[in-house]
Amino acid sequence: MKLVKVKGIVIKEVAYKDNDKIITILTDSLGKVSAIAKGAKKTNSPFLASSQYLVYSEFVLYQNTGYYYLNSAAVINTFYNLRIDFDKLQIVFDMTKMINSVTDENQDCEKILKLFLNTIYVLDKYEKDIKLVVNSFKIKLFSVLGFAPRQDKCSNCSKPLLESNDASVFYDYSSNTFLCEECKTTVDSKNRIQISKATYNAILFVIRSDFKKIFSFELKSYVDFELFGQVFTDSIISGL
Ligand SMILES: [Zn+2]
């Protein structure tokens with residue numbers, strides 16, 4: 001029986017048979033895997049804590065007839081503050097649903113795991129603006145998956161956007177590109193949103209920064225940032 005050691009976080013758990021659970025783990029080296037935790041529902045089970053939603057552990061797994069099973073597990077972080085905060089938990093629940101829907105079983109998830117761990121670590125330890133955290137997570141998630149919009153230049157006239165004196169930048173979600181003030185009329189107003197220059201800066205910062213740094217910025221208002229996060233994510237998901 002070949003044993004494999006991974007680090008991972010449980011992003012879904014479902015009851016299976018009388019005492020078992022099937023857990024979906026986002027792992028560092030096997031991608032997203034489903035594993036059977038035998039006896040995990042019993043109160044004296046060694047998997048009682050590690051098989052729970054949002055618990056990050058080191059797992060030892062083995063494969064049998066095409067399924068992964070837990071052999072042993074050691075908890076690394078339970079994100080305790082997060083799990084007792086209903087509002088934050090709901091936000092994280094939506095994040096794990098999103099991760100589940102955009103990843104396939106066994107697909108390499110190392111970057112997504114890093115992003116998700118950093119995100120819930122911040123939610124667990126700090127009181128950051130929720131809109132900043134949620135929308136940075138979404139923008140980075142879809143950037144990691146290869147959907148970052150073309151940056152720097154107006155997609156119509158190639159004017160550098162960061163250096164321009166325009167007060168606003170326009171995002172065309174039908175083509176996932178940015179436009180300058182002058183070129184906004186080249187796109188149907190139904191297909192574009194207006195965002196402040198500060199928000200545009202923040203979006204580029206999130207796309208380009210290391211996972212650990214993506215939340216280290218502040219905006220006076222998160223209205224445009226949230227709007228972009230929503231529109232960008234919706235347009236990518238509807239096209240998947
Ligand atoms: Zn332009």
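Start by selecting domain 1 and domain 2, whose C-alpha centres lie 31 Å apart. The bounds, 1–127 and 132–240, come from an automatic or database domain assignment. This is a predicted model, in which local features need pLDDT of at least 70 and side-chain atom pairs count only at pLDDT 80 or more, while totals for chains, interfaces and linings use all residues. Residues are numbered from 1 along each chain as its sequence is written.

Next, show the contact between the domains: twelve residues from domain 1 and ten residues from domain 2. Contact here means C-beta atoms, placed from the backbone, within 7 Å. On the domain 1 side, H3 gives the largest share, eight residues. Helices are DSSP runs of H or I, at least four residues, numbered from the N terminus.

Buried means 20 or more other C-beta atoms within 10 Å, exposed 12 or fewer, and partly exposed in between.

Centre on Phe 116: beyond neighbours within four places in sequence, Phe 116 contacts Ile 9, Leu 26, Met 95 and Ile 99.

Finish at Ile 91 in helix H2, residues 86–102. Ile 91 is partly exposed because 18 other C-beta atoms lie within 10 Å. Leaving out residues up to four places away in sequence, Ile 91 touches Ile 130 and Val 134.

Terms used. Contact = placed C-beta atoms within 7 Å. Helix = DSSP H or I, 4+ residues; strand = E, 2+ residues; numbered from the N terminus.
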